[in-house]
Amino acid sequence: MIKSYFKTAWRSLLRGRSFSLINIGGLAIGMAGASLILLWLQNEISFDKFHINKDRLYEVYGLTNNTDGRPTVIPVVPQPLGPAIKQNFPEVEGQTRVKDINSFLITANSKSFTGINGSFVDPAFLQMFSFPLERGSEHDQLKNVYSITITENLAKKLFGNEDAVGKIVRIDSVDNFTVTGVLKNRPSNTRFDFEYLLSWDYLKKLGPGWSNESWLSNNTPVYVLLSQNTNLQAFNAKIKDLSRINAGRNDIWTHFLFPLRQWHLYSNFENGKPVGGRVDTVRIFAIIAVFILLIACINFMNLSTARSEKRAKEVGIRKVAGAGKNLLIGQFIAESFLTTCIAGAIALLTVQLVLPSFDKIIREQLSIPYSNPYFWLCTIAFISVTSLLAGSYPAFYLSSFEPISIFKKQFKRTTAIISPRRMLVVVQFTFAIILIISTIVVRNQVQHAQSRDKGYSNNNLIHVDFVGDIDKNYALIKQELISSNIASSVTKNMIDVTHGGGHTWGLRWANENPKDTNTTVTLYSADADWVKTASLHLIEGRDIDIYKYPADSFSVLLNETAVKLMRFTDPVGQTISTLSGNKPLRVVGVVKDYVIGSPYEEVPPTVIEGPGSWFNTMHIKLNPAEATAVNILKAEKVFKKYNPDYPLDYKFVDEEYAKQFDSEQRSKTMAGLFAALAIFISCLGLFGLSAYVAESRIKEIGVRKVLGASVLSIAKLLSMDFVKLVVISIMIATPVAAYVMNRWLEDYAYRIKLGWEIFFAAGLLAISIALTTVSFQSIKAAIANPVKSLRTE
């Protein structure tokens with residue numbers, strides 16, 4: 001019987017080739033789109049889930065209850081906290097601190113490389129996390145201060161096909177390290193990004209600026225491995241006040257553990273509890289995958305039920321011949337399953353072909369796990385669910401026809417104002433219009449942030465991180481860059497301007513409000529000429545210059561937001577005290593607010609110190625009168641002179657600023673891509689439906705033409721029914737999309753407002769696409785010769 005089902009199903013597909021192609025094509029595109037999203041979702045959800053100890057791994061977070069009067073979560077903690085937790089609590093099997101670095105010069109085998117990502121870690125790192133060794137023993141790693149563990153990629157880059165274990169790697173032309181192990185290359189779905197690991201003891205040897213043992217400085221991620229059956233709530237209570245106890249202060253942060261399973265997806269907190277983050281994007285695209293698949297299934301339902309008149313006699317004859325309703329349902333489900341299997345095979349091939357391009361969009365490396373049996377089980381389940389979803393309604397609808405009504409020709413097309421088919425078209429276009437609106441909103445939000453007044457000029461502005469002898473020879477480098485007309489100004493800072501600065505709270509000033517002193521303030525640093533180099537707008541006072549004014553080592557610039565926070569009417573000359581209680585800082589100038597860090601956030605109150613805590617980079621304003629390429633070539637010679645062991649590794653600030661839009665740009669591209677897919681599938685179904693409607697009304701059209709109806713009036717008649725359905729879809733989609741996108745925009749402090757023009761544009765686009773789709777069939781039917789359609793009457 002099953003063989004008969006599929007034989008009949010195959011013949012049915014061949015009889016209606018055009019509709020079969022539309023059905024298969026729509027399902028294949030829908031399944032391919034949904035599959036791409038599902039592959040991406042699986043990658044997102046599985047981040048760091050490959051670690052054997054995943055259920056016992058936690059990151060230590062800080063929690064301050066006095067920042068702006070609200071609890072604030074801090075993902076970095078004091079460096080001494082990790083060893084203190086391991087030493088004082090037997091529930092902890094291991095702890096590791098992780099500090100990333102990419103400024104070292106790596107030399108081996110007469111080859112040198114810079115910009116390679118590495119990490120300082122404690123010896124327990126490889127016992128806690130599952131990064132397996134290709135060569136070497138796990139227990140020999142990172143025990144010696146001058147040992148290094150590298151990945152297969154770096155081993156091949158440095159030593160080719162030779163065995164790297166036991167070889168010497170030179171760091172920064174200063175220290176030699178012995179390779180004790182080679183790790184298998186990291187999977188892409190992990191938060192850790194390193195090509196080599198160095199011992200934490202070596203970081204301590206590097207001194208201030210690297211190692212910071214203060215309990216009042218949050219600067220390092222710390223991870224712990226708990227023993228089995230540890231009560232997390234009870235353990236959090238034990239470590240809560242650890243920093244307060246060791247710092248001897250009751251007004252600083254507390255601590256809690258954050259589980260590995262939530263690291264990647266949850267980064268937003270309210271009242272110290274995770275409430276969202278990347279998981280919101282994951283949920284949105286999961287819904288989009290369902291939308292696309294439903295749209296494709298609705299196509300199948302509509303086209304199958306639209307052909308009901310042609311299948312009616314078949315159903316009648318089968319019932320007269322003794323076929324029961326269940327038998328007919330099985331027949332139609334078999335047709336649906338066969339169609340879905342063909343579509344599934346085409347979808348799998350399509351996914352394989354477009355996956356490299358999709359990887360470039362999302363900047364991940366996805367793959368189809370053909371060797372995994374679970375993949376094939378999921379594929380079969382996916383096809384089965386899709387075939388049932390697409391075929392169940394047509395199967396029950398067609399099998400319900402009564403033979404007497406069919407043979408007496410009492411079977412008629414559905415002409416009701418509200419019919420299942422029309423409702424399905426409305427649902428289909430509602431989903432598509434929601435996606436269109438979402439794409440427009442994401443695009444507008446990105447453009448809104450990109451066009452924001454930064455408050456500084458990043459034209460011809462580069463930054464160079466301090467490596468080798470740059471810091472030591474900074475004064476000579478600066479002097480030669482300016483005297484050679486390579487640069488118009490140079491300054492050194494703690495970090496480049498696009499990555500924000502440090503954060504503190506507890507500043508004190510005259511006539512302070514206790515609530516205001518607990519507000520988080522951004523700290524930045526500059527030695528001299530920061531205003532000139534970044535083209536900041538100086539509102540009053542002067543710039544910091546620690547060379548011209550030695551006292552500027554204890555001077556600061558404030559931005560407008562900081563002045564408002566401190567309620568200074570005459571800020572220049574005011575003094576500010578820090579949390580550490582060192583010498584008060586004197587305000588020497590005020591600058592206009594400028595974007596420091598994320599372009600999506602409001603400008604924070606910012607204090608620019610003289611020497612700051614440390615200097616890690618320098619900003620160089622290239623001479624605009626000379627070509628940029630010429631300036632760079634000249635600058636390379638200067639840096640080679642004073643820092644001979646290192647190539648000049650520079651970055652353009654405008655390019656670094658543009659990178660901050662990458663995540664939203666990817667979301668915009670993905671939303672646009674899948675919105676286009678949804679519209680295409682919807683239009684594919686609309687095209688087939690309009691073709692069938694035109695075919696079924698061909699005699700009516702012939703009569704109308706004979707009675708004098710114009711081509712335009714007939715085309716309008718056939719098109720308006722579909723346009724009305726799209727208008728209804730717009731009315732439903734608009735409030736739904738407005739609610740969803742308002743929720744999405746809440747994550748951005750600097751955001752657009754949803755105006756009527758967005759919904760008008762989306763509606764107009766949807767109507768235009770629908771009209772374009774159905775007009776071809778409408779005009780084709782309208783210009784047909786009525787003699788041919790009425791010949792049989």
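**Aromatic pairs and nonpolar cores**

Phe358 and Phe674 are both buried, the term denoting under 20% relative accessible area with a 1.4 Å probe and protein chains only. The model is predicted, with local features requiring pLDDT of at least 70 and side-chain atom pairs counted only at pLDDT 80 or more, whereas totals for chains, interfaces and linings use all residues. Residues are numbered from 1 along each chain as its sequence is written, and side-chain values use heavy atoms, with hydrogens and water left out.

Across the whole structure, 39 aromatic pairs are found, a pair being two rings of Phe, Tyr or Trp (its six-membered ring) with centres within 6.5 Å, classed as stacked for planes under 30 degrees apart, edge-to-face over 60 and tilted for the rest. Phe125 and Phe129 form a tilted pair, at 5.1 Å centre to centre and 40° between the planes. The ring centres of Phe358 and Phe674 lie 6.2 Å apart with the planes at 70°, so this pair is edge-to-face. Because Phe358 belongs to helix α11 (residues 325-362) and Phe674 to helix α21 (residues 662-696), the pair ties together parts 316 residues apart in sequence; helices are DSSP runs (H or I, at least four residues) numbered from the N terminus.

Within the largest nonpolar core, which has 131 residues, Phe125, Tyr594 and Phe674 touch the most other members; such a core is a set of buried Ala, Val, Leu, Ile, Met, Phe, Trp, Tyr and Cys residues joined through side-chain atoms within 4.5 Å. Helix α14 (residues 420-450) gives the most to this core, with 15 residues. A second, separate core of 24 residues includes Leu481, Ile486, Tyr642 and Phe652.

Methods:
Buried means under 20% relative accessible area, exposed over 50%, partly exposed in between (1.4 Å probe, protein chains only). Helices (H or I, at least four residues) and strands (E, at least two) are DSSP runs, numbered from the N terminus.
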